[in-house]
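Please look over the sequence and the structure before reading on.

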Amino acid sequence: MKKHILLLMALSGLTISCSKLDETVYSSIFTTNFYKTASDAESGIAAAAGSLINLYGFPLVAVSDFAADQAYPRAVVGRNTITLFSYDPYFTAQRNSGRHETEGPQGVWRFSYKGIENANWVIEKVPVIPMDVTRRTEIVAEAYALRALYHWTLTKTFNEVPVKTRASSNEAEALITKSARADIYKQIYSDLDQAVAGLPSYSTSLVKGRPSKEAIQGLYAKVALYNEDWAKALQLAQATINSGKYALMPSVLDVFDVDKEDAARVENMWAVEADRVTPSRWLTVMGIAGPRNSSGPDYAKVSYGSWFAYQNFFNSFSPSDKRRQLLDTTYRDVSGKIVPQKDITPVTPKGVLIRKYRDPNSIAEANNCNFPIIRLADVYLVAAEAEARQNGATATAYGYINTVRKRAGLGDLTPGLGKDAFVDAVLQERSWELFAEADRWFDLTRTNTFLTVIPKAVNDVYPTRTPQAKHRYYPIPLEEIQANPTLTQSPGW
């Protein structure tokens, strides 16, 4: 009997069965019979977007928020290696716990490239399907948006990575080498241009989870900011803000109220849509952030008490800042009793709960808490930073940051700041506004400030944290390098 080998393609996520190593590699989608109808096109774009639920389900949160200065994990299943920067390129601790794909950089790599592969099939095949022309254009544009988002996620996490713009029908097409950072951003820009040109403007009739033209302009602005392309970042952020299609919710608390998610779409421009009744649409962030032993009914039916905010981060908020209410130092247990801070978690008497993701009507671990990809508040802060980087702390820059501060219940930012002090204030505002949204670590790495910020973000659980320069980016997972001989490891690893 011939021995069959199951090979998971390192980049494309394609599964094949072969009786010899030189057998032809086929796609996981049998394209001869697929991509013929409008229904096939819809299924294809759903598959391309499907990686979002896996990516934001927890890997991206783990690689960003476990490493930053806002929140930390309970030291189980290898999570502490990210906080302590003690991981290795094989991500051994996560692998030994069976969590290397669901809670670590390997998951970011795998699910991003899986999404890219599926987006590539849509981009290549859907344009020739006989169907409604308008919808066909929207589907292809969304695939471009997704491909851009996945590539951007990869370069934020690993720096130089392979840029994949063709679907793989054989092994040689799947195994490609890394691109320079400039070339990665060139491709991301090109994809976002295609997306903006083809997507519809936002309206309340837009299907949940689908990006609008303005949402992608906002994402594009943030991408340009990361690329230090200040003029483009400002121009695109202003286009998003001035479109009038979106607005800040009057209360920041409502943005994260699970029962107000439909209304919150006016600010939450593009989000990963969770669904408590559909297993493939669950997000696990809620269960990780809630109290231990499922003891907080206001949080969820099932929660584990595995993710907490640093006390110093909680203390950094002004008492008048409404965003501080998205953290808590007490909670109500199932009997109605108020649990004091010292009893929130056994790992420290200073546990601070993260309240952004709560669904009291969850079904076990399944919840309806959406996860933001891009919010209008983020775009305002992108505009403030881009304006300041380019023109200094102008009245325009102050106007953008003060819009966000006003909604939070704060007064205007101190007037008369110099350029550097103003940019620092924007970064601090981003920390308060976007905490627990898989954002902060990437702010620290893009500005290369993590080496000075992180050693100060300590507590009795993690009293010492010593990142090195190489930790600015995660190592490419070792098994990907072993599977793809064209790949080389990142510097320092």
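Is Arg430 buried or exposed? Arg430 is buried, at a relative accessible area of 1%; buried stands for under 20% relative accessible area and exposed for over 50%, with partly exposed in between (1.4 Å probe, protein chains only).

This is a predicted model, in which local features need pLDDT of at least 70 and side-chain atom pairs count only at pLDDT 80 or more, while totals for chains, interfaces and linings use all residues. Residues are numbered from 1 along each chain as its sequence is written, and side-chain values use heavy atoms, with hydrogens and water left out.

**Sheet**

- An open sheet is formed by 4 strands in the order β3-β5-β9-β6, with antiparallel pairing.
- At its edges are β3 (71–73) and β6 (327–328), each of which pairs on one side only.
- Strands are DSSP runs of E with at least two residues, helices are runs of H or I with at least four, and both are numbered from the N terminus; two strands pair if DSSP finds at least two bridges between them.
- Strand β6 runs antiparallel to β9 (residues 352–354), and 2 bridges join them.
- Leu327 has Ile354 in β9 as its bridge partner.

**Salt bridges between separate parts of the chain**

- The structure holds 35 salt bridges, a salt bridge being a side-chain nitrogen of Lys or Arg within 4 Å of a carboxyl oxygen of Asp or Glu.
- Lys222 forms one with Asp439, and their closest N and O atoms are 2.5 Å apart.
- Because Lys222 lies in helix α9 (residues 213–226) and Asp439 in the loop between α17 (419–434) and α18 (440–446), this pair ties together parts that are 217 residues apart in sequence.
- Both Lys222 and Asp439 are buried.
- Arg430 forms a salt bridge with Asp378, with the closest N and O atoms 2.8 Å apart.
- That pair links distant parts of the chain, 52 residues apart: Arg430 is in helix α17 and Asp378 in helix α15 (residues 376–391).
- Asp378 also counts as buried, at 3% relative accessibility.

- A salt bridge joins the side chains of Glu433 and Arg407 (3.2 Å, N to O).
- Glu433 lies in helix α17 and Arg407 in helix α16 (residues 395–408), so the pair ties together parts that are 26 residues apart in sequence.
- Glu433 is buried at a relative accessible area of 2%, and Arg407 is buried at 7%.
- Glu433 and Arg407 belong to a network of salt bridges that also links Glu267, Asp321, Arg323, Lys356, Arg375, Arg405, Glu429 and Glu437.
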